[in-house]
Amino acid sequence: FGFNMPKVFGLWKEATENQKLISLEFKDGEKVIDIATLKENNTLNRKFANLKVVYQLPNDLAKIQLNYKIDASGQITVTNSLIDIKKDAPNMPRFGNNFILNNNYNQVNWYGRGPHENYQDRNSAAFVGLYNANVEDLYFPYIRPQENGYKTDVRWITFTDNAGKGVKIVGPKMLSFSAHHQYNSDFDAGKEKQQRHTTDIVKRDFVNINIDSEQMGVGGDTSWWAKPLNKYQIKAKTMSYAYSIIPIKN
């Protein structure tokens, strides 16, 4: 709130919450399949399939294209591309995906910076290593609820249950992630600063995950009115990143 972030980055929050589907294309191997008849099609390629989804962001800000390659082992490779960006679009607070896992998969292992939270302009004291924690332990209870628990320079992450089953997430380049038993919005006070406290944060019955290319820095180098330095901000430009979700059976 020091540099009026809700106003400065408000367009990107709206873009996150109000995307309009433009197109949806399914390919069986290299052959385009009509999704309406997919259940009736008995001649599908059993090796891999591709799904391409394109969304228009509000205010003609940009388009986001997601490509899903799904192979017979259950591995899903996700490629995110930000395209057709509006001229003079403001910088981005984050470029990534958010999704939900069953609450059973609450044991986290990662190879990256840790064990405590770290951000791209606050990570030199978080050394690269192999770490593990329960999801609830990744939450840092700031007295006023806000963004927390982030990890940078991550090579891979696993989310598993007590039997060791779950998923592994790995990218061709390093990723950043966070995981909580709350929605991202649970930590967001909205457009105006609210005097909320840790007691306002309720534990939910799921695991909410952010898998990101990057998130901007914390800022506040001289006071909490300061934006992150330019090198720790994210310019709105054509960009892409990818990761794979790999089943762990035991």
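How many bridges join S10 to strand S12 (residues 239-248), and in which sense do the two strands run? Five bridges join them, and the strands are antiparallel. Strands, like helices, are DSSP runs numbered from the N terminus (E, at least two residues, for strands; H or I, at least four, for helices). Two strands pair if DSSP finds at least two bridges between them.

This is a predicted model, in which local features need pLDDT of at least 70 and side-chain atom pairs count only at pLDDT 80 or more, while totals for chains, interfaces and linings use all residues. Residues are numbered from 1 along each chain as its sequence is written, and side-chain values use heavy atoms, with hydrogens and water left out.

**View 1. Strand S10 and its pairing partners.** S10 pairs antiparallel with strand S9 (residues 151-160) through seven bridges. Thr-160 faces Gly-166 of S10. The S9-S10 hairpin has five residues between its strands, and there Gly-164 adopts a positive phi near 85 degrees. Strand S11 (residues 207-215) is also antiparallel to S10, with five bridges. Phe-177 sits opposite Ile-211 of S11. Towards S12, Lys-168 is placed opposite Ile-246.

**View 2. Strands S5 and S12.** S12 also pairs with strand S5 (residues 76-83). This pairing is antiparallel and spans seven bridges. Leu-82 has Met-239 of S12 as its bridge partner.

**View 3. The largest nonpolar core.** A nonpolar core is a set of buried Ala, Val, Leu, Ile, Met, Phe, Trp, Tyr and Cys residues joined through side-chain atoms within 4.5 Å. Buried means under 20% relative accessible area, exposed over 50%, and partly exposed in between (1.4 Å probe, protein chains only). The largest core here holds 39 residues, and Phe-159 and Phe-177 have the most contacts inside it. Strand S10 (residues 166-180) supplies the largest share, five residues. In soluble globular proteins, nonpolar side chains tend to be buried together. Contact means heavy atoms within 4.5 Å. Beyond four places in sequence, Phe-177 touches, among others, Val-108, Trp-110, Leu-138, Ile-157 and Phe-159.

**View 4. Val-108 in strand S7.** Val-108 belongs to S7. Val-108 is buried, at 0% relative accessible area. Contacts of Val-108 beyond four places in sequence include Tyr-131, Ala-133, Val-135, Thr-158 and Phe-177.

**View 5. Asn-118 in a loop.** Asn-118 is in the loop between strand S7 (107-114) and strand S8 (127-134). Its relative accessible area is 0%, so Asn-118 counts as buried. A polar contact is a pair of N or O atoms within 3.5 Å; within protein, one must be able to donate a hydrogen and the other to accept it, and residues adjacent in sequence count only if both atoms are side-chain atoms. The Asn-118 side chain reaches the backbone oxygen of Arg-113 at 3.5 Å. A polar atom of that side chain also lies 3.0 Å from the backbone oxygen of His-116. Other contacts of Asn-118 include Asn-123, Ala-126, Tyr-150 and Thr-152.

**View 6. Thr-152 in strand S9.** Thr-152 is part of S9. Thr-152 is buried, with 5% relative accessible area. Outside four places in sequence, its contacts include Gly-112, Asn-118, Tyr-119, Gln-120 and Leu-175.

View 7. A salt bridge is a side-chain nitrogen of Lys or Arg within 4 Å of a carboxyl oxygen of Asp or Glu. The structure holds nine. In one of them, Glu-147 meets Arg-94, with the closest N and O atoms 3.2 Å apart. Glu-147 lies in the loop between S8 and S9 and Arg-94 in strand S6 (residues 94-101), so the pair ties together parts 53 residues apart in sequence. Glu-147 is partly exposed at 31%, and Arg-94 is partly exposed at 23%. Arg-94, Glu-147 and Asp-212 are linked in a network of salt bridges.

**View 8. Salt bridges of Arg-122.** Arg-122 pairs with Asp-121 at 3.3 Å, N to O. Arg-122 also forms a salt bridge with Asp-221, at 3.9 Å between the closest N and O atoms. Asp-221 lies in the loop between S11 and S12 and Arg-122 in the loop between S7 and S8, so this pair ties together parts 99 residues apart in sequence. Asp-121 is buried at 14%, whereas Asp-221 is partly exposed at 43%.
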